[in-house]
Amino acid sequence: MIVDILSWILLLGGGLVGILGGVGLLRFPDFYSRLHAAGMTDTLCALMIIAGLILQAGFSLLSIKLALILLFLLFTSPTASHALARAGLTDGLKPEGEQSSNN
Amino acid sequence: MIYTLAALTMLATMALALARALLGPTVWDRIVAVNVFGTKTVLLVALISFVMGHELFIDIALAYALINFIAIIAVLKLVNVQHSLEREEEP
Amino acid sequence: MRYVISLALVMAALWLGLSGLFKPVLLALGVVSIVLTAWLSWRMDVIGVEHNPGLFSWRLPIYWAWLVWQIVLSNIDVARAVFNPRGHIRQRVLRVPARQSRELTRVTYANSITLTPGTVSLRLEGNEILVHALTKAGADGVLSGEMGDRVCWLEGQSK
């Protein structure tokens, strides 16, 4: 029962974080800041939802697969974010506040 | 029930990402939005497998997580090559 | 060659874990695909030090647990920026020193920076990482160098 409630909190919290990230994706002013909002939905949202599902699945093959999905997501999302930021930078998209890079 | 609710929040996130993909303004903004859309699809498929009670859907989510990553990297490469080609033609 | 064998072992564990079936036909298919993938990655010359199984030390789970906690904290910070973009966003580009001796741990550091929302590593230039920070808290967090120290500690074991 406690496990059930905990997993519900995780699932709903994950959904909430996802929506917050989506709103941030719309509200943030430029490309680089939107990257951070995207990172939010990619990390904590995925973490909470998969954790909630693992609690429901218990110790089984299903849990191992869910954990693998989480592992893939957490390993690929920084690579994708970094590749995106780098591609934007090489394409000449200037990040705001670059003047402060020398201090 | 709780799974359906969580799946709905994922759909809402995907709708927001889709709006950003349509608004742009640069091609990179669109790719960020599509990336978010893709990772949320993975979570949505995982949730749907619990809604329906079919464990097989998890394998689809697993495969989709990998395909989405490779697709994003491929699109980035393609757009990069296209932009550098355009820049060569300009002067 | 050692790394090819360890890669094949990991792939075998993955195959068995994902299929969960022990029928001869499927096991044979698994052996064929593992051999094919191992041969292809050897031919592509992508097998390197990162496939050394000795890199998985007992420090890794501790570092991951700490990283997950950092992810939670920085998510709260970015969430505050979502509610109040004008007031909370202070975008900056920083140069962060990466003092780790090996390239693999420097990449680990850069990836950890990217994984925590609020900071994205733009470029890894030798011993420096170019970081884009969304908020003041994010920039201060990277500049404090705590994550860098943790990655150094992670490196300590397998040096």
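Predicted model: local features only at pLDDT ≥ 70, side-chain atom pairs only at ≥ 80, totals over all residues.
As for bookkeeping, residues are numbered from 1 along each chain as its sequence is written, chains are lettered from A and ligands numbered from 1 in the order in which they are written, and side-chain values use heavy atoms, leaving out hydrogens and water.

Asp42(A) has a partner in the other chain: Lys40(B) forms a salt bridge with Asp42(A), with 3.6 Å between the closest N and O atoms (a salt bridge puts a side-chain nitrogen of Lys or Arg within 4 Å of a carboxyl oxygen of Asp or Glu). The pair joins two chains because Lys40(B) sits in helix α2 of chain B and Asp42(A) in helix α2 of chain A; helices here are DSSP runs of H or I with at least four residues, strands are runs of E with at least two, and both are numbered from the N terminus. Lys40(B) is buried as well, at a relative accessible area of 1%.

Now for the whole A–B contact. It draws on 43 residues of chain A and 44 residues of chain B, contact meaning heavy atoms within 4.5 Å. Interface size is often quoted as the accessible area lost when the parts come together. Here chains A and B bury about 3700 Å² between them, and 78% of that lies on carbon and sulfur atoms; buried area is the accessible area (1.4 Å probe) that two parts lose on being put together, summed over both.

On the polar side, three salt bridges run between chain A and chain B, and eight residue pairs are in polar contact, both residues at pLDDT 80 or more. A polar contact is a pair of N or O atoms within 3.5 Å; within protein, one must be able to donate a hydrogen and the other to accept it, and residues adjacent in sequence count only if both atoms are side-chain atoms. On chain A, the elements giving two or more residues to the side that touches chain B are α1 (2-27), α2 (31-57) and α3 (61-90). The largest share, 15 residues, comes from α3(A). Sorted by class, this side of chain A has 28 nonpolar, ten polar and five charged residues; Ala, Val, Leu, Ile, Met, Phe, Trp, Tyr, Cys and Pro count as nonpolar, Asp, Glu, Lys and Arg as charged, and the others, Gly among them, as polar.

Over all chains, the structure has seven salt bridges. One pair crosses from Arg34(A) in helix α2 of chain A to Asp29(B) in helix α2 (residues 27-52) of chain B, at 2.5 Å from N to O. Arg34(A) is buried at 7% relative accessibility, and Asp29(B) is buried at 3%.

In chain C, Arg150(C) pairs with Glu146(C) at 3.4 Å, N to O. Both lie in helix α7 (residues 146-156), four residues apart, or about one turn of the helix. Arg150(C) is partly exposed at 32%, as is Glu146(C) at 37%. Elsewhere, salt bridges with shared partners link Arg95(C), Glu125(C) and Glu128(C) into one network.

Finally, the cysteines: zero disulfides turn up over all chains, a disulfide being two cysteine sulfur atoms within 2.5 Å. Cys45(A) is buried at 0% relative accessibility, whereas Cys152(C) is partly exposed at 25%.

Note on methods:
Buried < 20%, exposed > 50% of the residue type's maximum accessible area, 1.4 Å probe, protein only.
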